[in-house]
Amino acid sequence: MVSVATICNSINYIQAEIVNFVTNLISTNDLRLQFQIGDKTIQVLNGISFEVEAGEIVTVVGPSGSGKTSLMMILAGLEKATSGEVSVAGQNLLKLSEDQLAVFRRQSVGIIFQNFHLVPTMTALENVALPLEFAGHSNAMTQASEILDKVGLEDRLTSYPGQLSGGEQQRVGIARAMVAKPKILFADEPTGNLDQDTGKRVTDLLFSLCRDQGSAMMLITHDPHLATLADRQVHLQNGHLS
Ligand SMILES: Nc1ncnc2c1ncn2[C@@H]1O[C@H](COP(=O)(O)OP(=O)(O)OP(=O)(O)O)[C@@H](O)[C@H]1O
Ligand SMILES: [Mg+2]
């Protein structure tokens, strides 16, 4: 018997696909984020209005503490904005429940963190298969092994994160974020913990996978060179985007 929640999720999904077809992938209007610490208010995002099209690659630069990670967390459905409008892949994120946000993340979003965030007790293959298993795919291991092949780790499938170098761990992170072919990939300084050469190989890989799969990417970086590879660069400063 099909549950009401499954039917609602399917309707949301179909709705999102239709809206996606005719509008921007990401659209925010007057987005604000503030934190209250005691009687002090920290205004992090101060009215962000911007769009990202399907398949577009945008780099985000800005000083430390300017709110880059916070903005990414809101767009990825991991944090709630204080006010404003935010629509990603046809979903109004401020209106979704926690359960609906989890479905949204599974269906539309891939995330790569600076410090990899791999599960230490799982092999490379198991780490990459995890999001597909959560989504109920029957051939999770085959798909995981195929994408690990693409990132050049075909002979490290059974290695644990602790047995891999930083660059290899980040390639597992990329494979895990891309395996479900997300509409948008969020990458938060993915090369921040890697040496220059390894970092370049990792970013080349990220760009080519996104271009191949048609995924949009929002890439937070301190590397001005990457701007030349992206479709567009935005600057975040004092809570404003330009
Ligand atoms: N949960 C929180 N409570 C209070 N303040 C927070 C919280 N999360 C973030 N901040 C503050 O919001 C501001 C923006 O933080 P954020 O991590 O988004 O910056 P960033 O641009 O990613 O910086 P970096 O380049 O150093 O990673 C910072 O001043 C930070 O201290
Ligand atoms: Mg950050």
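**Figure 1. Buried residues of helix α2 in the predicted model.** This close-up comes from a predicted model. Helix α2 covers residues 68-75. Its buried residues are Lys68, Leu71, Met72, Ile74 and Leu75. Around the helix axis they cover an arc of only 160°, so they sit on the same side of α2.

**Figure 2. The whole chain, as context for the close-ups.** Seven helices and ten strands make up the secondary structure of the chain. The radius of gyration is 18 Å, close to the 18 Å from the globule rule for 242 residues, so the chain is as compact as a globular protein of that length. Taken along the principal axes, the C-alpha atoms fill a box of roughly 55 × 50 × 40 Å. Of the 242 residues, 37% count as buried. Contacts were also sorted by sequence separation. Among those with a separation of 6 or more, 72% join residues 24 or more positions apart.

**Figure 3. The open sheet of six strands.** The strand order is β6-β7-β8-β3-β9-β10, and the pairing is mixed. At the edges are β6 (109-112) and β10 (240-241), each of which pairs on one side only. Strands β7 (residues 184-188) and β8 (residues 216-220) run parallel and are joined by five bridges. Aspartate 188 stands opposite isoleucine 220 in β8. Helix α6, residues 166-178, lies across β6 and β7. The helix runs at about 170° to β6.

**Figure 4. Valine 58 in strand β3.** Strand β3 spans residues 57-61 and includes valine 58. Valine 58 counts as buried because it has 21 C-beta neighbours inside 10 Å, and the cut-off for a buried residue is 20 or more. Neighbours within four places in sequence are left aside here. Beyond them, valine 58 is in contact with Val52, Met218, Ala230, Asp231, Arg232 and Val234. Leucine 148 is 90 residues from valine 58 along the chain. The C-alpha atoms of this pair are separated by 25 Å.

**Figure 5. Threonine 59 in strand β3.** Threonine 59 is also found in strand β3. It has 23 C-beta neighbours inside 10 Å and therefore counts as buried. Leaving aside neighbours within four places in sequence, its contacts are Leu219, Thr221, Leu226, Ala227, Ala230 and Gln233. Alanine 187 is 128 residues from threonine 59 in sequence. In space, the two are 9.4 Å apart, C-alpha to C-alpha.

**Figure 6. Alanine 89, with a positive phi.** Alanine 89 is not a glycine, yet its phi is positive, at about 50°. The residue lies in the loop between β4 (83-88) and β5 (91-92). Is alanine 89 buried or exposed? Alanine 89 is buried, because 24 other C-beta atoms lie within 10 Å.

**Figure 7. Glutamate 189, with a positive phi.** Glutamate 189 has a positive phi of about 45°, although it is not a glycine. The loop between β7 and α7 (196-213) holds this residue. Glutamate 189 counts as partly exposed because it has 19 C-beta neighbours inside 10 Å, whereas a buried residue needs 20 or more.

Methods. Residues are numbered from 1 along each chain as its sequence is written. Chains are lettered from A and ligands numbered from 1 in the order in which they are written. This is a predicted model: local features need pLDDT of at least 70, side-chain atom pairs count only at pLDDT 80 or more; totals for chains, interfaces and linings use all residues. Helices (H or I, at least four residues) and strands (E, at least two) are DSSP runs, numbered from the N terminus. A residue is buried if 20 or more other C-beta atoms lie within 10 Å of its own, exposed if 12 or fewer, and partly exposed in between; C-beta atoms are placed from the backbone. Two residues are in contact if their C-beta atoms, placed from the backbone, lie within 7 Å. Two strands pair if DSSP finds at least two bridges between them. Axes are lines fitted to C-alpha atoms, for helices over the stretch in contact, and angles run from 0 to 180 degrees between N-to-C directions. The radius of gyration is taken over C-alpha atoms; the globule rule is 2.2 Å times the number of residues to the power 0.38. The arc is that of the directions from the helix axis to the C-beta atoms.
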